[in-house]
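Thanks for coming. I will go through one structure, and I will start with the terms before I get to the residues.

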Amino acid sequence: MQDSAVEAETIDPPSAIASIVAGIEPDLPAEAVLNAIREATPKLYACRQLAFALRERPELLTNAEPTGPRDIERLVIALQKRGARKVVRPLCGDCQRPKALTRLNGDTRICIPCESKRRKARYRCEGCGASPLQHYGRGPAGEMFCRECLPEIPDPLQRLAEAITDADLTLDTDIVLQAIETASRGRLATIQRMAWELAEQPGLLLGNGIHRSPHLLLLVSELRKSGSTRIAPPRCPQCQRTNVALNYPYGDRRLCGSCYNKAKAEPCSRCHHTRYVSTRAPDGSPLCPICARRDSSTHDQCVACGRVRWIHRHTPEGPLCEGCAKPPTIPCDICGQMRPCHLSASGQRRCRNCSRNQEPCSRCGENRRVQARTPDGPLCERCYDTTSASFKVCPDCGTVDRPWNHSLCAKCACTRQLTEIIGPTDQRTEEMNRLVNSLLIKPRATLHWLETSASAEVLAEIASGACELNHQDLDARLSRRMLQHLRAHLVAAALLPPRDEHLAGLEAWLDTTINSVTDTDDRKLIRTFATWAQLARLRRQAGRGRPLTAAQTATVRRNVSSGLALLAWLRASGTTLATCTQAHIDDWVLTDEPSRYAARTIVTWAVRAKHAQRIEVPRLPRGDSVTSPLDADTRWQIARYLLHDDTPELRDRVGGLLLLLYAQRLSAIVKLTTAHISTNDDTTSLVLGELPLELPAPLDALVTELASQSEPFSGGPSWLFPGALAGQHLSASGFGVRLRKLGVAPQRGRSAALLDLCAQMPAAVIGKLLGMSPETAHRWAGAGRRTTYAAAVARRT
């Protein structure tokens with residue numbers, strides 16, 4: 001029973017506290033109790049500590065005893081505001097009054113006035129020896145004085161202003177006085193203390209202020225903002241930087257935030273690395289920032305999305321996860337672009353890129369964000385990734401690789417995280433082991449997915465048996481896009497049957513879109529059109545084992561969307577598709593919106609199916625510009641670049657060469673596997689059609705190297721152009737974007753290659769070698785002859 005109680009405070013501390021309060025205040029609504037708990041303890045760790053304290057001593061809510069955490073007082077106040085009558089606010093341990101108990105006297109909480117009395121009783125005046133010290137101040141060395149014995153500097157403001165002007169003669173007196181007013185907030189004691197410090201050490205204004213008060217550091221900052229060049233900011237004694245605020249006292253010095261965190265670091269209870277303590281586990285053990293994000297005991301429910309995740313920020317409405325705690329998208333005051341912007345201390349709106357401190361990289365010299373600091377100087381992210389300093393020996397497997405976290409390589413770090421979610425190897429089923437092996441093929445992608453995607457929580461439900469392994473149960477939890485990474489691995493590991501995701505996504509989109517139509521007749525008409533005129537053909541194609549493409553589903557979406565727009569426009573015009581005339585269609589098209597021509601599909605179908613009569617949407621007029629093939633010089637220049645320059649990625653080079661030399665479609669290139677490659681003696685052949693095509697050098701070496709880099713997913717095909725999803729190849733559209741970045745225009749490059757090949761070989765040979773239909777080969781051969789004839793005529797004239 002005790003273990004279950006401890007588990008309740010660990011897993012759901014608000015519910016544990018609410019159950020205790022319900023036993024004391026049974027008439028208080030449960031929602032009011034939960035709101036009071038959120039108000040008193042917005043952070044999960046404080047709420048958990050309060051739950052532990054009340055589990056041990058629930059009478060702290062009723063006996064006014066000033067012990068335990070201070071959150072008890074906050075909880076009682078929040079409950080009393082909501083109508084609680086039986087809970088009692090704790091009283092001060094000294095004066096027995098209901099005041100804010102922010103101080104401690106041993107284990108007893110006391111108020112600030114009582115703590116001040118106790119503190120004064122410990123001090124003695126250095127001048128007259130009076131004790132307790134009722135009215136006191138500090139001398140130049142920090143000693144205590146009563147009001148009568150407190151030494152004073154005659155006119156401390158003038159003395160301080162003179163010390164500043166002696167350090168920088170270019171400063172105007174009004175500017176100096178304004179800086180002193182800002183730094184001291186008009187307090188005479190603060191001005192006098194700064195004057196003492198400068199009288200004792202005049203060099204404090206020249207960069208030696210790390211041992212002095214924060215008011216003097218603020219004074220230096222204000223003077224530099226006013227244009228002073230002689231006044232030097234103090235350097236952090238640890239990192240020696242001057243562009244950081246020394247806001248943290250540590251011993252007799254002041255440190256910047258980064259160095260203070262390093263000085264206060266503790267060994268993490270999870271990874272055992274000495275790091276800054278981000279939070280603490282339920283047992284009080286420290287957690288570093290990395291482990292705190294991954295430890296489920298530190299996660300809480302986000303008030304925006306309702307998911308239990310690591311909390312990025314606490315607001316008056318409740319905690320927000322990292323995905324929901326987004327700043328507003330407004331113009332950045334520095335770069336001027338519309339981006340999520342933060343407000344700096346000065347009120348200047350800054351996007352994330354402009355908020356990062358940038359320094360010149362010691363290797364490339366560009367002003368970039370510092371990724372790492374080496375003995376040679378700071379390095380940007382791009383230079384750091386290419387230097388040996390970014391590679392370390394993994395303590396688990398001994399591999400020399402770029403570490404992911406805790407000095408572990410990506411594969412070992414991924415194995416640890418999957419073990420925490422799914423369980424150790426000896427406790428997994430055979431199916432779970434196959435899934436883990438599939439996830440470990442690309443460990444860095446898996447680690448990024450585990451940290452950023454909400455579908456990682458579904459993985460834990462699958463491991464525990466809470467989620468059944470079928471497509472319907474997965475679709476009921478998250479959207480298809482959020483589950484696509486996990487679903488691909490489940491299919492690759494043979495835990496789910498494969499399905500056409502393009503078709504499934506299209507069907508889900510059609511259901512949502514059609515159900516949103518309010519008019520019954522329009523909804524019935526558009527459902528008939530989508531089901532029998534659009535989906536039927538695609539389902540037949542998928543049933544024959546030919547997967548759909550993104551372009552096909554996009555075409556259906558466009559046809560349905562344009563049909564809905566046309567039906568809505570006709571309704572607004574007082575007519576319907578069955579009663580409208582060609583004049584209505586002409587008015588619809590004459591708005592000069594090219595997207596309205598897409599309604600031709602549904603109008604043609606409606607006329608054929610007797611849902612409309614004698615109406616027609618014209619075809620979209622072609623533009624004046626026609627896409628022309630690449631000229632021969634440009635085509636061969638790009639081909640030589642891809643053959644001999646190793647700067648682009650290998651798969652981009654091979655794919656671009658197959659397009660420019662052998663006129664292959666992007667959709668055919670991305671579907672190539674290692675099974676299409678054969679090597680005999682010194683020759684390498686690639687099967688693109690019915691007959692193998694012998695590759696010349698150096699293309700054969702590039703293709704062989706690309707094949708050696710291919711890794712199959714759980715016995716599936718070894719794609720030469722693998723995509724981001726497990727077991728799937730790169731999409732044709734995505735590959736086209738990659739080639740365009742290299743200067744390869746797919747359509748123009750393929751047209752130029754076809755015309756060149758058709759001018760050199762018969763159409764029948766081209767069709768068998770390149771996998772082209774006879775009709776297409778003969779058509780391009782005719783175009784090639786016409787182009788050759790036109791070129792000859794142009795040369796003669």
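Two strands count as paired if DSSP finds at least two bridges between them. Helices (H or I, at least four residues) and strands (E, at least two) are DSSP runs, numbered from the N terminus. This is a predicted model, where local features need pLDDT of at least 70, side-chain atom pairs count only at pLDDT 80 or more, and totals for chains, interfaces and linings use all residues. Residues are numbered from 1 along each chain as its sequence is written, and side-chain values use heavy atoms, with hydrogens and water left out.

Let me take the sheet with β17 to begin. The strand order is β17-β18-β19, in an open sheet of 3 strands with antiparallel pairing. At its edges stand β17 (358-360) and β19 (377-380); each has a single partner strand, so one side of each is left without a neighbour in the sheet. On average, neighbouring strands here are turned by 65° against each other, direction ignored. For angles of this kind, axes are lines fitted to C-alpha atoms, for helices over the stretch in contact, and angles run from 0 to 180 degrees between N-to-C directions. Between β17 and β18 (residues 367-374) there are 3 bridges, in the antiparallel sense. Which residue of β18 is the bridge partner of Pro-360? That partner is Asn-367.

As a reminder, strands of a sheet pair through backbone hydrogen bonds, either parallel or antiparallel.

Now the other open sheet on my list. It has 3 strands in the order β22-β23-β24, again with antiparallel pairing. Here β22 (677-680) and β24 (692-694) are the edge strands, and because each has a single partner strand, one side of each is left without a neighbour in the sheet. The twist averages 30° from one strand to the next. Strand β23 (residues 683-687) is joined to β24 by 3 bridges, and the two run antiparallel. Within that pair, Leu-686 stands opposite Leu-693 in β24.

Ser-685 also belongs to β23. Is Ser-685 buried or exposed? Its relative accessible area is 12%, so Ser-685 is buried; buried means under 20% relative accessible area, exposed over 50%, and partly exposed in between (1.4 Å probe, protein chains only). Ser-685 lies 217 residues from Glu-468 in sequence and 45 Å from Glu-468 in space, C-alpha to C-alpha.

The peptide bond from Ala-697 to Pro-698 is cis, with omega near 0°.

Next, the hairpins around β12. Strand β11 (residues 299-301) pairs with β12 (residues 308-315) in the antiparallel sense over 3 bridges, and His-299 stands opposite Trp-310 in β12. That hairpin has 6 residues between the strands, and Gly-306 takes a positive phi near 80° there. On to the next strand: β12 pairs with β13 (residues 318-321), antiparallel, over 4 bridges. A hairpin of 2 residues joins β12 to β13, and Ile-311 stands opposite Cys-321 in β13.

Gln-96 has a phi of about 60° and sits in the loop between α5 (71-81) and β1 (103-105). Gln-96 is partly exposed, with a relative accessible area of 49%. Lys-610 has a phi of about 65°, in the loop between α25 (600-608) and α26 (632-644). Lys-610 counts as exposed, at 72% relative accessibility.

On to the cysteines. How many disulfides does a search of the whole structure find? It finds 0, a disulfide being a pair of cysteine sulfur atoms within 2.5 Å. For Cys-111, the nearest cysteine sulfur is that of Cys-114, 3.5 Å away. Cys-111 is buried at 1% relative accessibility.

With a relative accessible area of 55%, Val-400 is exposed.
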